[in-house]
Amino acid sequence: MKRFACWLVLMVMLGCAWTAFAEHPGQTVTVTFVCTGNPQTAISARIGFSFNEDVFEFVSAENISKDILNTAPTSALGKFGLLNMAGLSKGEIGRITLKIKPDAKLGVYNVRPVVDSVYDASRQPVVINVEGEKVAVGHVWDDGRITVEPTCYSEGKMRYLCFFCDETLEEVLPPTVHREGYPVDEVPASCMEAGLRIYPCDICHDVLREEVIPAYGHTEGETVIIQDPTALEDGIQVVQCAICGRTIRTQSIPATGGEYLPGDADADGKIDLSDAVRLLQHVSDRSVKISAKNADVDADGSVDIQDALLLLQYLAGWNVTLK
């Protein structure tokens, strides 16, 4: 049992190489077995063969190696017998001819060597390297390359090349299906105006659909003074949009009214007849600007004719008090 396990561990290293291409079922193909290495100086071995019996049937065999002892195998169960006391030779061992069955499925198949009874001069099991071949039944196509790119509206073409001959196969590729890509803002939206967003095809770049981007409205930003207030004139300030800079609204800044000096209706810093004239003009026409806090000389909360009369009395030297 130990000897058998050792023999399994030192089992022959097998491989397969490509052989000539057989185009049609019904043809015959010849496979050569080759000793590619004898690293442990084996002097004897038996070489059988294994193949897919659903695809191939045995036809004949031929001895090649000078180390062959027996006649060539006459069936799929036969073996090439090798013996050379100086060490088995590298090179071709023998050939087998197989017929591809008429109903064989297309594909690539291994025809492998089956190696046993490999011994050195001390009758110890050793290893030799023997290779069989792979047989391609029918064309074996590569992955192909696109010769004409398909588009969303037209067909394309793919061409395949056989691994073993110059035969090519051409396949028609159906038109591609539109594939929606990333949206593009064709017309950006603004604070006041809607925009336009399009969705192009990733392949042909045609526009697949559109959508309106709503105007996003103003965003209140800084308040900017356009005109400073004076003693009699209101000032002007505006609130601007933080995004587009447009004016959102305009606000009035109340007139300062000047320094508090009862009777100084025109806020020029002194009390004289011009104040009385302005006060009378204001009473008759409210559009005339006055310093309201200085013009309300009777302190009743309103500017009227009574304030104008009191101011005239004051200017005339009457014993009156401006409040």
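Let's start with an open sheet of three strands in the order S9-S10-S11, with antiparallel pairing. Strand S9 (145–148) and S11 form the edges, as each pairs on one side only. On average, neighbouring strands of this sheet are turned by 35° against each other, direction ignored. Here strands are DSSP runs (E, at least two residues), numbered from the N terminus, and two strands pair if DSSP finds at least two bridges between them. Axes are lines fitted to C-alpha atoms, and angles run from 0 to 180 degrees between N-to-C directions.

What you see is a predicted model, in which local features need pLDDT of at least 70 and side-chain atom pairs count only at pLDDT 80 or more, while totals for chains, interfaces and linings use all residues. Residues are numbered from 1 along each chain as its sequence is written, and side-chain values use heavy atoms, leaving out hydrogens and water.

Now look along S10 (residues 156–161) and S11 (residues 168–173): six bridges join these antiparallel strands. A hairpin of six residues connects S10 to S11.

Next, the cysteines. With a disulfide defined as a pair of cysteine sulfur atoms within 2.5 Å, the count comes to zero. Cys204 is in no disulfide, and its nearest cysteine sulfur, that of Cys152, is 3.7 Å away.

Cys204 is partly exposed, at 22% relative accessible area, and Cys241 is buried, at 4%. Buried means under 20%, exposed over 50%, and partly exposed in between (1.4 Å probe, protein chains only).

Definitions and conventions: Helices (H or I, at least four residues) and strands (E, at least two) are DSSP runs, numbered from the N terminus.
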